[in-house]
Amino acid sequence: MITIIRKELADYFTSIRVFILFLLVFLASAAGLYASYQGIRGIEPGTGFVFLRLFTSSGEVIPSLVTFIALFVPIIGIALGFDAINSERSSGTLSRILSQPVYRDNVINAKFLAGIVTLSIMMAATILIVSGFGLRMIGVPPTTEEIIRLFLYLVLTIVYGAFWMGLAILFSVLFRRIATSLLSSLALWLFFGFFYVNLIVPAIAKTTETFLLLQRFSPNTLFQEATTVLLLPEWRGAGILTAGEEIAYMLLNPLSLGQSMLIIWPQLTSLISLTAVCFAISYVLFMRQEIRPT
Amino acid sequence: MDGKIVIETKELTKNYDGVTVVDRLNLHIREKEIFGLLGPNGAGKTTTILMLLGLTEPASGSAWVFGYSPTREPLKVKRLAGYLPENVGFYNNLTARENLMFIAELNNISRAEANRRIGELLEIVGIGEVANLTVGKFSRGMKQRLGIADALIKNPKVAFLDEPTAGLDPEGINQTLDLIANLPQMGTTVVLSSHQLYQVQRVCHSIGILSKGKTVIEGSLDQLGREALAGGNYRIEVETAQPNPQLIDIVNKLPGVRKVEAEGNLLLINADSDLRAEIAKAVVQSNTPLIQMKIQEFSLDDIYMKYFKED
């Protein structure tokens, strides 16, 4: 299996696709940094977590870095997974690999793991670069808690990216044509990122409770809420108890790390289980699929 | 060929969406022979190979490859078997050498050993000079040659070659057939599928003809050829300058002749043995100018057509 992972990683890192993705991510982080350069002056000192504001404050026009990341992580995940299986099938390499003495699940496991490694490298690089430049820019070093929060945020983005990659891999097992699997993944991303949250849920939800409940069916919302709780400790919107009007009367006191963790626990586990479900379905389908070379 | 049977199927059956593609197939393939799997398109040749490799589960029946069941111990079979798929494909962004190295690594062949074998095989299949070119730049025929090298990289005990000569130029076909013919000497049993009858006839020791998933006929080529042509008889064709009715009677009386038919200047004789010398003597003695005489050799075409006409 290590052989396959190594080959997949080599493929990723020599492909133009991943190069473009890296470029995109770095452009986005540059834009995000610029946004926080504009916006970070506006925050009051003494609220703590100045360093985290690098990621969350937005400029006059440019949205914040976390908005960019929330936008790009699904695209990266989809780009890493949409042709995982069907490209091998259509180029005739799948039947050749599977006639070697390797277990069939090694192939799909290796692809998934190689994708996660690539994703992790990308996201870790982004966050580290932004932190480095940000440190130079604002001159305030991060506290230990901020470092832990950033690390948790990194884990969260990787899980979120892994979910979209798992979904894309599922479509690549399901559909023989590469274009079909790419378009289906992108369509689902658009649906959850835009139509579902902005159009469908407001249209059918009568109360705030149902509104929040329905929104949380979207992985995008789960990610956004978890991000906000992790990086904006003052924010209280994501708890079960705080859904509703009373949110307006709350004091703007930052939550402790443990409390933040407690709040995002459901979001995080939902994302992990969604990833696991996607992967499990693709795994089962792949194991049972006929490998006709034609 | 009297090696022991190393590949065997018993009532092997496979359905796709309710259509029976392979129907209670029984095959016997001996060690170090070249076995040709013949049949029209859609006869179930590829499906049979996939089942023997453990890439597809049979609906019922069983198969044995060197004592292992491809269904229950697929990895053991795959360790022994090399496979050239019908539309062989490679990673276009890797070179020929890298593609083979990847497969060698999957087979746990050491790097040094793999390097040696890769160089050797690429030379044998005639693409040694493009070993470090990415496969994306290869033509169909070059990929096919690389595919053959790929199937042999693990030094297999059995090689399943699905249409090994597809897409090759005439020279490539000759080289490939020579290569295949040499495999048994290196200890490899070969199962190849094809519809190129003359190619099969050139290299195969035994054949099995499939039609609609059933074995129509199976056995060694010599024996099948005799059986196909007039029940084991020799067929001799005599051409004379003009028809001579008396000659028919004379030939008919020769010992061993079974039947004589005249077609214009041609005499078609069925005999128990090769009676060319006796017949020539009879023709000359009857004062009929003899133009030519030949003994009909069976060709695989005859065998093939005979069994498909009867269908």
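This is a predicted model: local features need pLDDT of at least 70, side-chain atom pairs count only at pLDDT 80 or more; totals for chains, interfaces and linings use all residues.

Visitor: How do you know that the span of α4(A) agrees with what a helix should give?

Guide: Its 17 residues should span 24 Å at 1.5 Å a residue. The end C-alpha atoms are 24 Å apart, so the span agrees.

Visitor: Where does α4(A) have a kink, and of about how many degrees?

Guide: The kink lies at A:Phe72 and is about 25 degrees.

Visitor: Why is α4(A) called largely enclosed?

Guide: A residue is buried under 20% relative accessible area. In α4(A), 14 of the 17 residues are buried, so the rest of the structure largely encloses this helix.

Visitor: Staying in chain A, what makes A:Thr227 count as buried?

Guide: Its relative accessibility is 6%. The cut-off is under 20%, so A:Thr227 counts as buried. This residue is in helix α11 (residues 219-231) of chain A. Setting aside neighbours within four places in sequence, A:Thr227 is in contact with A:Val66, A:Tyr153, A:Leu156 and A:Leu232.

Visitor: Now chain B. How many helices and strands are there?

Guide: Chain B has 11 helices and 13 strands. Its C-alpha trace spans about 75 × 45 × 35 Å along the principal axes. Of its 311 residues, 52% count as buried.

Visitor: Which share of the contacts in chain B joins residues at least 24 apart?

Guide: The share is 68%, among contacts between residues at least 6 apart in sequence.

Visitor: What makes α5(B) mostly covered?

Guide: The count of buried residues: 10 of its 13. Among them are B:Gly141, B:Gln144, B:Arg145 and B:Asp150. The cover includes α6 (94-98) of chain A. It also includes β5 (81-84), α3, α4, β6 (158-162) and α6 (170-182) of chain B.

Visitor: How do you know that the reach of α5(B) is close to the expected one?

Guide: Helix α5 (residues 140-152) of chain B reaches 19 Å from its first C-alpha to its last. The expected value is 18 Å at 1.5 Å a residue.

Visitor: What is phi of B:Lys32 near, and where is this residue found?

Guide: Phi is near 55 degrees, a positive value in a residue other than glycine. B:Lys32 is in the loop between β2 (19-30) and β3 (34-38) of chain B.

Visitor: Why is B:Lys32 called partly exposed?

Guide: Its relative accessible area is 40%. Buried needs under 20% and exposed needs over 50%, so B:Lys32 is partly exposed.

Visitor: And B:Phe66: buried or exposed?

Guide: Buried. Its relative accessibility is 17%, and the cut-off is under 20%. Phi of B:Phe66 is near 50 degrees, again a positive value in a residue other than glycine. B:Phe66 is in the loop between β4 (60-65) and α2 (74-80) of chain B.

Notes
Residues are numbered from 1 along each chain as its sequence is written. Chains are lettered from A and ligands numbered from 1 in the order in which they are written. Side-chain values use heavy atoms; hydrogens and water are left out. Helices (H or I, at least four residues) and strands (E, at least two) are DSSP runs, numbered from the N terminus. The expected span of a helix is 1.5 Å times one less than its number of residues. The bend at a residue is the angle between axes fitted to the seven residues ending there and the seven starting there. Buried means under 20% relative accessible area, exposed over 50%, partly exposed in between (1.4 Å probe, protein chains only). Contact means heavy atoms within 4.5 Å.
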